[in-house]
Amino acid sequence: MALLQISEPGQTPEPHQRKRAVGIDLGTTNSLVATVRSGAAESLPAEDGRVILPSAVRYTEAGVEVGYGARAAAGEDPYNTLISIKRFMGRGLADIKNFGDQLPYHFADPSAEGSGGMPVIETVAGTVNPVQVSAEILKVLAQRGADSLGGPLDGAVITVPAYFDEAQRQATKDAAKLAGLKVLRLLNEPTAAAVAYGLDQPDEGGDVADKTIAVYDLGGGTFDISILRLSKGVFEVLSTGGDSALGGDDFDRAIAEWIAQEAGLGTDHDAATQRNLLDAACAAKEALAGESLVPVSYGDWSGELSREKLAELLDPLIAKTLRACKRALRDADLNAEEVAEVVLVGGSTRTLRVREKVQAFFGREPHADIDPDQVVAIGAALQADVLVGNKSREDLLLLDVIPLSLGIETMGGLTEKLIHRNTTIPVAKAQEFTTFKDGQTAMAIHVVQGERELVQDCRSLARFELRGIPPMVAGAAHIRVTFQVDADGLLSVTALEKSSGVQAEITVKPSYGLGDSDITRMLQDSYANAEEDIAARALREAQVEAERTLEAMLVALQENGAELLSEQELGELERAMEALRLAHNGGTPEEIRSRIDELNTLSEPFAARRMDKSIKRAMQGHSLDEFDTP
Amino acid sequence: MELQQNHFEIFGLPVGYAVDRQALARRYRELQQEFHPDRFAAKSEREQMLSMQYAAQINEANNTLKDPVARAAYLLQLAGVEINPEQTTADGEFLMQQMILRERLEDVRSAADPEAELEDLGSEAGQLFKAQETAFSTALQGSVLDEAKSALLKLQFLAKLQRQIEELEEDLLD
């Protein structure tokens, strides 16, 4: 039996050894989880050895089934089996109807309380929303990671399409929260793919050349093109583009339509027929990878699908992706010839016709050595390993941009852009507002995302209500509202009345998403269903948070505690840490949280001094090399 | 770096219109390596928040200095000149020239060779832009702030024209 290590009172134990971190590709069609072990990233398999988890969730009276079993049941039980749910994330019911798909689901009234404006789907197990469905997929992957790494996860990097707007990113993060995951970062899928290929690694000569990389990502339900610039270890997203409603599923639909037409089935089918048609279409498409002509049959009808016919069916869809490539290159101020590397991502890039067209467009052979289904999860795992602190990669930094402009509604339903698309995040923008009535104490700000002039043509993100503005005559109040977008692309808003210094109170109503209280309620629902002990989980979460806080503090103290703190300050911090340790070992979740808050407050001056020190160091390094370079 | 430092100081660059873009890009990367929130993912909440604010400021400074019009406006702001976003140039000759250019832009679609005509327009707008940049830089160096402001207003006009040319180019390509 291993001996327990116990540190002397007042002394600090060594920080944890390896943390348990995973990368998760939460895909439209398939999802995966990967981790770094013995220096290499690998996808983690289920018990049956398969690494892919189909993003299909089936609700039955007996419980929830996720993966292959659920996907297989989609044909026989279409109403209770949710597939491609990622397309619904951060969207409203009207958007989804606009997809023009033949969706088999029964939608409940979206104005129902607590649905947050999201589509709500009726199943035999009750109503569910897209965030809950995604959380079911994440739970399975998180469990797989925990089983494989031998304990609860310390953190996860979850990937999202570069094209995802704020609401879609927020919905993804909310799903992670419901699944009990700590999100280290939402990472753009194409960036993860570039990391997986090690395009940031030095060549034989030890140099890392500056280069431009195009990542062509055609998944089941989304297409993304990203133009990245790699320069001295910094990945900079120059531009992104794509279509969040275009993918391999559309290939299957186009082929299915052809089959239906050839078989004389007309265009209006019930859900089960549509599913079966799609299965036949998908099988034919995959068979064509090795053949030039394959037999296809449906019901009594049988025929043949040739590569030429397939090209004819797919070319209009592929052309759409290439137009987006052209636009992204233009946004980055580049020609196709200036792209040094092309990376293929997503199962749909296995389709030969796609590879041919992409190679022709960029004039070079794309990278396709890593399984295009796994490449994103592998890149995410590599980044998770760095962020959680297992591996120091001082040379690698991923800078992301906001994919769509962020604006506010002004008079007459017009959009005023505050943060333009492709601006590097994090970013903050302040805007001043005033009142238009005497004594006005509240105002509402409608935030939208998109490129169009009219509010109605953009995506509504949220309505922020400011309250507590001191009453003044019209136009006298100067309210400075700061819109902050963090490194995950998520928006937060603060407001200050300048003349009085009063901080306005803000409540957020996401247009298609959840408020904090909705998430709490859903968490409680999920405990009730899963027979999980809510108290045990709350305690465990508080303890993990305490461990994280203590460890961050230990590392900081080791680095420069002696240098930046007086003896008295050091003593106070150590006492607060000891109090937190005690609470961690036997206190209630509330006690632990309040000790964490105390420690955080007490350490604020220390954090500020550490920052100042970083700044001084950055400035000195600068003055040395800046003026020596010719 | 401190929150009250001006954008040029953050990057250790001399305050002026001419900017060494390579030095700016290099410095930008160095600073983000130091302050990006990813560097603080395992640190305390307070440090995470500070790093986000710093990283946002570095981005803002970089965007301002990278963009010729934003840089010019910022320089005037540092010199204490207020720019009203509604304000426009009063130079009649310049406005006339702009009207002619815009009319040509509107007629591009019906031109015999739209792409060639658009390219002509683009290079003409580019030359005019360069000329105003020189005018701005000279005026600012000589502290003739009125002239600098007048050049800035023209730069804004020309930048808008260039954007419209690019948009039309994109439309034509599709």
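This passage walks through the two chains of the model and then the place where they meet. The model is predicted, not solved by experiment.

Let's start with chain A. Its 630 residues include 45% that count as buried. The chain is split into three pieces, with domain 1 covering 21-185, domain 2 covering 406-516 and domain 3 covering 533-618. Between the C-alpha centres of domain 2 and domain 3 of chain A there is a gap of 34 Å.

Chain B comes in two pieces: domain 1 runs over 7-66, and domain 2 over 92-173. Their C-alpha centres sit 31 Å apart.

Now for the meeting point. On one side are 31 residues of chain B, and they are in contact with 41 residues of chain A. Which helices of chain B each supply at least two residues of the side that touches chain A? They are helix H2 (21-35), helix H3 (45-66) and helix H7 (145-173). Of these, H3(B) gives the largest share of that side, with ten residues.

Notes. Residues are numbered from 1 along each chain as its sequence is written. Chains are lettered from A and ligands numbered from 1 in the order in which they are written. This is a predicted model: local features need pLDDT of at least 70, side-chain atom pairs count only at pLDDT 80 or more; totals for chains, interfaces and linings use all residues. Two residues are in contact if their C-beta atoms, placed from the backbone, lie within 7 Å. Helices (H or I, at least four residues) and strands (E, at least two) are DSSP runs, numbered from the N terminus. Domain bounds come from an automatic or database domain assignment. A residue is buried if 20 or more other C-beta atoms lie within 10 Å of its own, exposed if 12 or fewer, and partly exposed in between; C-beta atoms are placed from the backbone.
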